[in-house]
Amino acid sequence: MSGPSREMAARFAGIALGHVGQEYPHKLDHVLLNDGDAVPPRVLHPVFFGSFDWHSCVHGWWTLLTIRRLFPDLPEAERITILADDSFTADKLAAELAYLYRPQSGGFERPYGWAWMLALHAEAERHEDRSWGKRLEPLSRAFAERLRAYLDRLTYPITVGSHFNTSFALTLAYDWAQTHDPELIAVISAWAERCFAGERDYRGWEPGGDEFLSPALSVALLMSRIRDRAAFAPWFEGFLLDNQALQARFQPAFVSDRSDGKTAHLDGLNLSRAWALRSIRQRLAPHSAEPLLASLADANFAAALPHLSGDYAGEHWLASFALLAVLAHEAPSAPA
């Protein structure tokens, strides 16, 4: 798949436009320091107050700006432009930045929201007719500095398949850093090699009941980013192919209740798997495992695609992961 169709893009945009400005219901990541801190989401976060939580709003905006770039003549593109002009103002973004430096905000949205902000900044810069990228840069630079310091003290990777997953965050951060922060590229590469270079014969339990990321594929995707093909291929073979783990553990997950926010994570798991499998296939080619990677990716994607909307438990975030899956071909070039 080389990108979303026009119809698919309109669907994704319509879903995201429906929630980035919807304040409630809302789940805050907010430490109260006194009674005065008990204020509405739109006061704490004048830009990213929608989409149920801060990080979903950030990647909802990533979805919208990406669709605007790919389909500038789509009717939804004009709505996106108007809403973004009203949202990404200097004053509102200054308030978002100031929130990071309040007491007890050091771990705010770490590392998932940090990584998505980097992705949003990179996408915003591709819209040369607007200053959104320039205005978002202070936020992205602040999170990049936090990520660098975080890796300095993160002795062990967090491999759970949810917001705390280290590899997912580092993959998005690596993509951003390629054009913004060469030193961070080196930090991420060294950290990943230290933690994952020796991993072989994966036998983890997947899927977890409330995961939206595959622990194994998240690691493999990160390694595919930081290594060239000659170094990545034998590592991937030893990690997931030689022991048949890829065939055994990555068939589409069954979602029993899409009104349960945690259970609905499994739709996201199917989509994030599709993204990872397609991206890994691209890095691995030419390779005998390509047909298997492609068929698993397509099966996981097809299982989740009909369920992007209909219940807010999944509707406020799933379209972003569907878009990642159809944009796997846009992954940055492998290291030389």
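This is a predicted model: local features need pLDDT of at least 70, side-chain atom pairs count only at pLDDT 80 or more; totals for chains, interfaces and linings use all residues.
**Figure 1. The largest nonpolar core and its residue Phe-236.** This core comprises 109 residues, of which Phe-48 and Phe-236 touch the most other members. At least three residues of the core come from each of domain 1 (1-108) and domain 2 (194-335). Leaving aside residues up to four places away in sequence, Phe-236 touches Ala-220, Leu-241, Leu-246, Ile-280, Leu-284 and Leu-293.

**Figure 2. The aromatic pair of Trp-114 and Phe-143.** The structure holds 24 aromatic pairs. In this one, the ring centres of Trp-114 and Phe-143 lie 6.0 Å apart and the planes meet at 25°, so the pair is stacked. Trp-114 belongs to helix H6 (residues 112-124) and Phe-143 to helix H7 (residues 132-153), and the two residues are 29 residues apart. Both Trp-114 and Phe-143 are buried.

**Figure 3. The edge-to-face pair of Phe-212 and Trp-317.** The two rings are 5.5 Å apart centre to centre, with 65° between their planes. Because Phe-212 lies in the loop between helices H9 (182-196) and H10 (215-226), and Trp-317 in the loop between helices H15 (312-315) and H16 (318-326), the pair ties together parts 105 residues apart in sequence. Phe-212 is buried at 1% relative accessibility, and Trp-317 is buried with a relative accessible area of 5%.

**Figure 4. A cluster of linked rings.** Ring pairs join Phe-48, Trp-54, Trp-61, Phe-88, Tyr-99, Phe-108, Trp-114, Trp-132, Phe-143 and Tyr-150.

**Figure 5. Arginine charges over aromatic rings.** The charged end of Arg-146 sits over the ring of Tyr-101, 5.4 Å from the ring centre. Arg-278 places its charged end over the ring of Phe-301, 4.8 Å from the centre.

Key. Residues are numbered from 1 along each chain as its sequence is written. Side-chain values use heavy atoms; hydrogens and water are left out. A nonpolar core is a set of buried Ala, Val, Leu, Ile, Met, Phe, Trp, Tyr and Cys residues joined through side-chain atoms within 4.5 Å. Buried means under 20% relative accessible area, exposed over 50%, partly exposed in between (1.4 Å probe, protein chains only). Domain bounds come from an automatic or database domain assignment. Contact means heavy atoms within 4.5 Å. Rings of Phe, Tyr and Trp (its six-membered ring) pair if their centres lie within 6.5 Å; planes under 30 degrees apart count as stacked, over 60 as edge-to-face and the rest as tilted. Helices (H or I, at least four residues) and strands (E, at least two) are DSSP runs, numbered from the N terminus. A charge sits over a ring if NZ of Lys or CZ of Arg is within 6 Å of the ring centre and within 35 degrees of the ring normal.
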